[in-house]
Each structure stands twice: as structure tokens, then as C-alpha cells.
Amino acid sequence: MTKPRRSDSALSIAGLRKSFDKPAVCGLDLNVSAGEFYALLGPNGAGKTTTLRMVAGLLPPDAGSISIFGVDALFDPVEAKRIVAWVSDEPMIYDKLSPFEYLEFVAGLWGVETQTAQDRAEDLLDWLGLAPHAHERCGGFSKGMRQKVALAGALVHEPRLIILDEPLTGLDAGSARQVKNVLLERVAAGATVIMTTHILEVAERMARRIGVIAAGRLIAEGTLQELRDRAGSDGSLEDIFLDLVSGADAETGTVAA
Amino acid sequence: MSTASLTWFARHEINLFWRDWTALIVRGKAHRKIAACLALGIFVIGMHVVAWFTVTGAVDLAQIDPQAIYIFVTGCGLVSLSLMVSQSLESVTRAFYARADLDLILTSPAPSNRIFTIRICAVALTSVVMSALLVAPFLNVMAWVEGPAWLLGYFTLLSMSAMATAISLVIAVALFKLFGPKRTRSIAQIIAAIIGAGFAITMQLVAIVYFGNVSRLSVLTAPEISRVLPDASAMAWIPARALLGDPAAVFVFSMAGFGLLALAIRAFSTRFASLALSTSGVSEQSGKTRRQPSTFRFRTTRQTLRNKELVLLARDPWLLSQTLMQMLYLLVPAFLLWRNFGADIGAMVVVVPVIVMASGQLAGGLAWLTICGEDAPDLVQTAPMKPRAGLRAKIEAVLIAVCLVLSPILLFLALVDLRAALVTITCLALSAGAATAMQVWFRAQAKRSHFRHRHASSKIATFAEAFSSICWAGCAALVAVGNWLAIIPAMLALAVLGLIWTIRPRET
């Protein structure tokens with residue numbers, strides 16, 4: 001079994017390609033440092049979700065390499081999965097399990113020691129405001145509560161790399177704040193977060209670096225200031241993003257659907 | 001035409017139904033439409049051929065006492081009616097819980113009673129389809145041989161369906177009143193299962209008690225029964241006469257059936273909106289769990305996954321009702337076993353194959369739920385374990401569940417006849433194993449809630465699963481009586497398994 005090596009790079013992607021009916025990801029290179037909060041932006045159909053699903057081991061790439069904290073995710077997926085958590089925009093939880101049972105299940109899948117898992121689960125349920133509902137079945141939960149249960153599941157095994165695909169979609173302001181606080185707390189504790197979002201304000205406030213992807217390629221990357229410098233404007237991230245994406249559209253002719 | 005008239009709603013519903021149905025059959029491939037039409041054509045012609053030989057080969061009805069005919073026809077009609085009530089109770093309940101476009105319609109200025117009327121009529125029409133597929137060829141052949149009056153039987157079938165839907169509507173509304181929207185769906189499913197199997201099973205139990213066999217015909221043709229029932233001229237036989245195409249009886253029966261449905265719709269249509277809205281946001285799964293574990297328990301990854309599957313299976317109300325139905329059908333052989341305790345091997349011919357058949361069907365359903373019906377596939381796929389290990393844990397959960405359900409009757413069988421029990425366990429394991437293997441080979445990711453349409457993901461796998469269960473059941477029956485011909489169904493079952501393995505979709 002390959003032991004995760006010490007690495008400053010949390011995620012290193014090189015030449016990643018994936019096609020369905022048409023190319024979705026076209027030779028993508030991406031590097032995210034350990035302990036970084038990285039936001040991946042792009043228009044609908046740009047290839048963000050496809051990229052992250054390949055990193056999480058949910059889709060096999062056609063070509064390229066993925067390294068997570070030095071572990072080759074394509075060669076040793078089980079070892080890579082040990083240190084990664086994936087949260088999608090559509091919370092996939094079990095209607096007939098309670099949040100407590102769900103977290104016990106996830107901890108069991110990741111082989112977390114029982115007492116440690118329980119302590120973490122109780123903390124997470126508390127932080128996310130789920131403690132009063134810990135023993136209710138998830139079937140009756142709102143979208144926001146379901147998303148928080150899924151997030152708690154992702155964090156219960158203390159992953160070093162947390163990948164989130166539009167985690168704030170459909171959340172009310174209070175729930176979104178709770179989720180953001182938990183993510184920032186994780187980054188402060190040393191975890192790496194990669195998040196896609198269409199809420200540019202969230203990326204602007206939370207991410208240390210921002211990557212912009214269009215038509216399956218990374219078209220710009222850097223801190224907010226670096227992106228401003230590149231765009232030659234002092235505008236908001238929204239202005240910069242729209243400039244970059246329209247430029248990419250003009251170059252490629254179209255953006256993958 | 002007003003945009004919210006009854007005909008407008010009817011057209012909307014027919015349009016949706018037709019598109020759903022064709023999408024289910026065609027699934028994006030035009031050649032499937034032709035294949036489906038061909039298959040339907042062959043089925044219809046085949047059924048007419050069977051009906052022709054049955055009708056022309058049957059004894060002359062004029063030679064038989066009319067009362068005996070009426071008893072027989074009424075018995076068959078009641079079995080059909082119980083199945084129709086069972087089917088329509090599920091559909092009627094679903095109409096209250098369906099959310100697809102109901103929120104849109106209920107928030108529109110259109111009167112909700114109109115959509116309710118259309119949806120209830122649609123339930124009546126769909127629940128007649130299965131009976132019509134089986135009965136229509138006989139009606140057509142009788143109309144050809146005896147005269148067109150037999151075609152009136154179609155009206156009788158429709159009236160029966162209308163009656164069944166009205167009864168279901170009354171039951172569903174009563175359940176809402178008694179148990180509330182949280183529990184109605186689960187309880188309705190269980191009641192539907194009991195009604196569906198109940199009448200046929202009761203007749204079989206009566207046949208065992210009084211006539212020593214499992215044939216429902218024994219009850220319907222027994223002189224003891226005819227003595228206590230009214231004579232042929234009584235009003236009680238109007239439904240039977242209607243089924244036999246007597247125009248006056250058809251008229252009376254149709255008036256009763258459609259009248260009952262109209263009354264039920266009129267009585268409950270005003271409550272439809274409030275009942276449907278009461279189900280919105282209600283989940284039978286919400287609320288406190290009965291047992292609230294306060295500590296995590298240590299389990300290996302495989303045990304964790306297996307335990308999750310078993311917990312989800314135990315908390316599935318639809319599965320519970322289906323398993324209950326399987327168990328109800330097992331009641332008959334169990335009762336026969338008890339009656340023949342210590343007697344000859346004859347009873348085993350009935351008992352052994354039923355258990356084997358039930359195990360195959362149960363394993364197939366459970367395998368679909370655990371292997372295909374994974375509600376959090378991303379979570380399981382991103383867990384640090386090999387896909388094969390996860391699959392193995394799920395298969396183990398299926399086999400454990402089958403064993404748990406069937407072990408009481410197997411234990412009972414072992415006490416009566418150890419050899420028969422061994423035969424049953426061997427064939428049961430083969431039948432359940434084959435059904436599970438087929439689901440594994442043809443697995444396609446789906447939501448657990450799509451269980452009802454599991455056959456749509458692979459018709460080949462569903463057909464092969466049923467055929468394999470029948471073969472293993474036949475093999476078990478023949479082995480139980482010591483007949484070497486058992487090798488034939490066993491070879492057939494293995495051949496089907498081999499064929500299915502050969503044509504299984506390859507993983508990419």
C-alpha cells in the first residue's frame with residue numbers, strides 16, 4: 001500500500017482529458033497547494049464538475065495524471081480516497097438514516113476509530129446546527145439540512161483535501177454562513193479546500209486563489225489581485241470573470257455545453 | 001374549450017402517459033418500438049390461439065347447471081376484483097403523494113377537483129389493463145363462436161375496475177383520516193398486498209381444509225358450496241351474468257360500477273386538494289427514530305456497508321409490503337405442510353417449489369435494491385475501498401436478508417422432513433444466487449424509489465430471473481419426489497445463467 005507522501009502540493013493535475021459526446025476537459029493542468037482555499041469558476045458546461053469528479057475518483061479520465069498529496073490517484077485510488085472528501089451540489093444521503101447513523105456509516109467506510117469518529121460527529125452536528133435533529137431520519141429534511149448532513153459526512157473522517165461542487169446552492173443565508181465557517185475552520189486547521197461556485201462573492205471573499213475554467217481549459221488563475229492585474233481593471237470578480245469568459249468564447253468559438 | 005376543462009386535463013394526462021410509456025419502451029432507440037409492437041402482436045395472437053383451443057375444447061356450457069357456472073365465474077371475478085383493488089389502492093394513494101406537476105396545478109386557478117377526477121379515472125383505466133390482456137382474447141373468441149353479446153364483457157370489466165377504484169378511494173381517504181398523511185402511504189401498501197393475495201389465499205386455505213388440495217377450483221365446484229348459495233335466478237348472480245355477456249345484467253352491473261365511482265369522486269374530489277397538500281413536505285421517514293443509539297459501534301468497512309443495507313431494507317415500507325405478500329403466499333404451503341405433518345411426500349411437491357420460487361424472486365428484488373438502488377453512489381464510490389469489496393458486502397446483505405425471511409419456514413420444513421428441507425435449501429441457494437448474479441451483471445445505477453420500475457432497466461435480466469426461479473423451483477419439486485428428470489430444469493436454469501453471463505454489459 002502506498003503511504004501518502006509529504007507534499008506541498010495538495011492536488012496536481014497534468015494533461016487531464018475527458019470526452020463524452022464532445023470534449024469536456026481538454027488537457028487541463030492545475031496545481032493547488034496544501035492548506036489553500038481554491039475556488040474554481042467557470043460558466044455552465046465549462047468542465048468544472050467533470051474535472052472534480054475525476055479527482056474524486058468518480059470518473060476515469062481519458063488521459064492525464066492526478067496526484068493528491070503525492071499519491072497517484074489513478075494508480076492507487078483507494079489510498080487517494082482515504083484523504084479526499086467529495087460533496088456534490090445535490091446532497092446524496094439516505095432518507096431512512098438519521099444524521100447520527102449517516103455519520104457512523106461514513107466513519108465506518110473510512111475506517112475511523114470509533115470514539116474519535118463519535119467525538120467528531122458530535123462536534124460537526126453541533127457546529128452545523130444539526131444536533132437537535134441528530135436522531136431524526138433525513139427523509140423529512142430541507143435541502144439546506146441535507147446539504148449540511150452531507151458536509152458533516154465529508155468532514156467526519158478529517159480529509160486533507162475537501163472537494164465541493166456548488167455546496168451553497170439552495171442554502172439560506174444562515175445555513176450558507178454555517179457551511180462557510182466550517183470550511184474556513186478546516187482550512188485554518190490545515191486542510192485544503194477546492195470549491196466550485198457560481199456565487200462569485202463567495203469566491204472573492206473566501207478563496208486565496210481562483211481558477212477560471214472555460215471549454216475544458218484553465219484560462220486564468222491567481223489571487224484576486226493577480227486576476228485584476230491580468231484583466232487590467234479594478235472591477236469586481238464578476239467583471240473580471242465575464243471578461244475572461246467572453247475572451248475564451250471568442251477564442252474557442254464556443255463553450256462546451 | 002376552457003384551458004382547465006375536464007377534456008383539457010384529460011388530454012394533458014393522456015399526453016404525459018403516452019410519452020412516459022413510449023420512453024419506457026423505446027428508451028431512445030427507435031428499433032425498440034418495432035420490437036415492442038411485434039412482441040405485443042405475438043402475445044395477442046398467442047393468447048387468441050390459447051383462447052380458441054380452450055373455448056372450442058371446453059364442455060358445452062348449456063349442459064352445465066347455470067348455478068355452477070355462476071359460482072365459478074363469480075369466484076374468478078372476485079379474485080380479479082381483489083387484484084384490481086390492490087393495484088388501484090396503490091395508484092390512488094400515489095395520486096395524492098405525486099408531486100411532479102401537482103404543486104403547479106394546485107397553485108393555479110384551475111379547479112383541483114377536475115384533475116382529481118381525471119387522475120382517478122386514469123387509475124380505473126390502468127387497473128383494467130392487466131385483466132383485459134388476459135380476458136380479452138376469451139371474450140373475442142366467445143363473441144366469434146357464440147355471438148357478439150360476449151363483447152359486452154368489456155363493459156363488465158371496466159365496471160369492475162371502476163368499482164375497485166371506488167373501493168380503493170374510500171380506503172385511501174379512510175386511511176388519511178385514521179393515520180394521517182405521514183403513515184397512509186406505508187399502510188396503504190401493506191393493505192394492498194393483503195387484499196391482492198388475501199382472497200386467492202383464503203380460497204386455497206379453504207380448499208386445503210375441506211378438500212385436501214390447493215386448487216381454488218375445488219372450492220368453486222364443490223356441491224357443499226352450491227347447496228348454501230342462492231339458486232341461479234337470484235339477483236346475487238348479476239355480476240356473473242354480466243361477465244357472461246347477459247345485456248340486462250351488464251347494464252345493471254355497469255350502472256352499479258360507474259355509479260359507485262362517480263359517487264366516490266363526487267364525495268372526495270373537494271378534499272383532494274387539502275389531502276394532496278397535506279402530503280407535501282411530509283415524509284414518513286421524518287420524526288424520531290424509535291431506537292436512538294448514542295454511541296458509534298465498531299465495524300469493519302464491509303460490516304459497515306452490510307449493516308447499512310440491512311437497516312435500509314428493514315426501513316423500506318414498500319419492500320415490507322412486498323415481502324409480506326411473498327410470506328402470505330408461503331402461508332398456503334406452510335398450512336399444507338402442517339396438515340400433512342408426518343404424512344407422505346405429496347405435500348412436498350407443492351411446498352418445496354413455492355419456497356424456492358419465492359427465494360429467487362425475493363433475492364432478485366433485494367439485489368436490485370442494494371446493488372442498483374444506491375441513494376448515495378458518490379459517497380460509496382469515493383470511499384477508500386475496492387469496488388469489488390463494496391459489491392461483496394451488498395451481496396452478503398441480500399443473502400442474509402433472504403435467509404432471515406425464509407429461515408422460519410425452512411426450520412419448520414426441516415422438522416417435518418429433513419430430506420425435503422435439504423433439497424429446498426440447496427435449490428433455494430441456487431435460485432437466490434442466480435437471481436442475485438443476474439442483478440449484479442445487469443446493474444445500472446438508480447434511485448431506490450424507482451424499484452417499482454426495476455424491470456425497465458433490463459427486461460432481459462428480469463425475464464431471465466423469473467425463468468431461472470421457475471426452473472429451480474421445478475428442479476426442487478422433482479428432486480423432492482425423487483424423479484431424475486430434475487436434471488432437465490436444472491440444466492435449463494444453468495443454461496439461462498450462462499447465456500445471461502455471456503450477454504451481460506461489459507464494464508468500461
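In strand β2 of chain A, A:Ser33 is the residue that stands opposite A:Ser9. This report describes a predicted model, in which local features need pLDDT of at least 70 and side-chain atom pairs count only at pLDDT 80 or more, while totals for chains, interfaces and linings use all residues. Residues are numbered from 1 along each chain as its sequence is written, and chains are lettered from A and ligands numbered from 1 in the order in which they are written.

**The antiparallel sheet of chain A**

Helices (H or I, at least four residues) and strands (E, at least two) are DSSP runs, numbered from the N terminus. Two strands pair if DSSP finds at least two bridges between them. In chain A, 4 strands form an open sheet in the order β2-β1-β4-β5, with antiparallel pairing. The edges are held by β2 and β5 (71–72) of chain A, each with a single partner strand, so one side of each is left without a neighbour in the sheet. A hairpin of 3 residues joins β1(A) to β2(A). Besides the pair at A:Ser9, A:Leu11 stands opposite A:Val32 in β2(A). On the β4(A) side, A:Ser65 is the residue opposite A:Ala14.

| Strand pair | Sense | Bridges |
|---|---|---|
| β1(A) (residues 9–19) and β2(A) (residues 23–33) | antiparallel | 8 bridges |
| β1(A) and β4(A) (residues 63–68) | antiparallel | 5 bridges |
| β3(A) and β8(A) (residues 192–196) | parallel | 4 bridges |

Helix α1(A) lies across β1, β2 and β4 of chain A and runs at about 120° to β1(A). Such angles run from 0 to 180 degrees between N-to-C directions, and the axes are lines fitted to C-alpha atoms, for helices over the stretch in contact. Contact between two residues requires that their C-beta atoms, placed from the backbone, lie within 7 Å.

**The mixed sheet of chain A**

A further open sheet of chain A is formed by 6 strands in the order β6-β7-β8-β3-β9-β10, and its pairing is mixed. Here β6 (84–87) and β10 (217–222) of chain A stand at the edges with a single partner strand each, so one side of each is left without a neighbour in the sheet. On average, neighbouring strands of this sheet are turned by 15° against each other, direction ignored. Helix α8 (residues 224–231) of chain A lies across β9 (209–214) and β10 of chain A, at about 110° to β10(A).

The loop between β3 (37–41) and α1 (48–55) of chain A contains A:Gly45. A:Gly45 is partly exposed because 16 other C-beta atoms lie within 10 Å; a residue is buried with 20 or more such atoms, exposed with 12 or fewer, and partly exposed in between. The C-alpha atoms of A:Gly45 and A:Ala176 are separated by 24 Å, the two residues being 131 residues apart along the chain.

**Helix α3(A) and the contact between the chains**

Helix α3 (residues 99–109) of chain A is mostly covered, with 11 of its 11 residues buried. Among the buried residues are A:Phe100, A:Tyr102, A:Leu103 and A:Phe105, as well as A:Glu101 and A:Glu104. The buried residues of α3(A) pack against α4 (114–127) and α5 (143–155) of chain A, together with α11 and α14 of chain B. After α3(A) comes A:Gly111, whose phi is positive, near 65°.

The contact between the chains takes 33 residues from chain A and 30 residues from chain B. On the chain B side, α11 (301–314) and α14 (377–382) are the elements that give two or more residues. The largest share of that side, 6 residues, comes from α11(B). The residues of the chain B side divide into 11 nonpolar, 11 polar and 8 charged. In this division Ala, Val, Leu, Ile, Met, Phe, Trp, Tyr, Cys and Pro count as nonpolar, Asp, Glu, Lys and Arg as charged, and the others, Gly among them, as polar.

**Chain B**

Chain B has 19 helices and 0 strands. Of its 508 residues, 40% are buried. Residues 24 or more positions apart account for 80% of the contacts in chain B with a separation of 6 or more.

The axes of α16 (residues 418–441) and α18 (residues 459–480) of chain B come within 9 Å and cross at roughly 170°. The two helices α16(B) and α18(B) are therefore roughly antiparallel to each other, a term for angles over 145 degrees. Their contact involves residues including B:Val423, B:Cys427 and B:Leu430 of α16(B) and B:Trp472, B:Cys475 and B:Val479 of α18(B). The residues of this contact divide into 14 nonpolar, 5 polar and 1 charged.

Technical notes
Angles under 35 degrees count as roughly parallel, over 145 as roughly antiparallel, 65 to 115 as roughly perpendicular and the rest as oblique.
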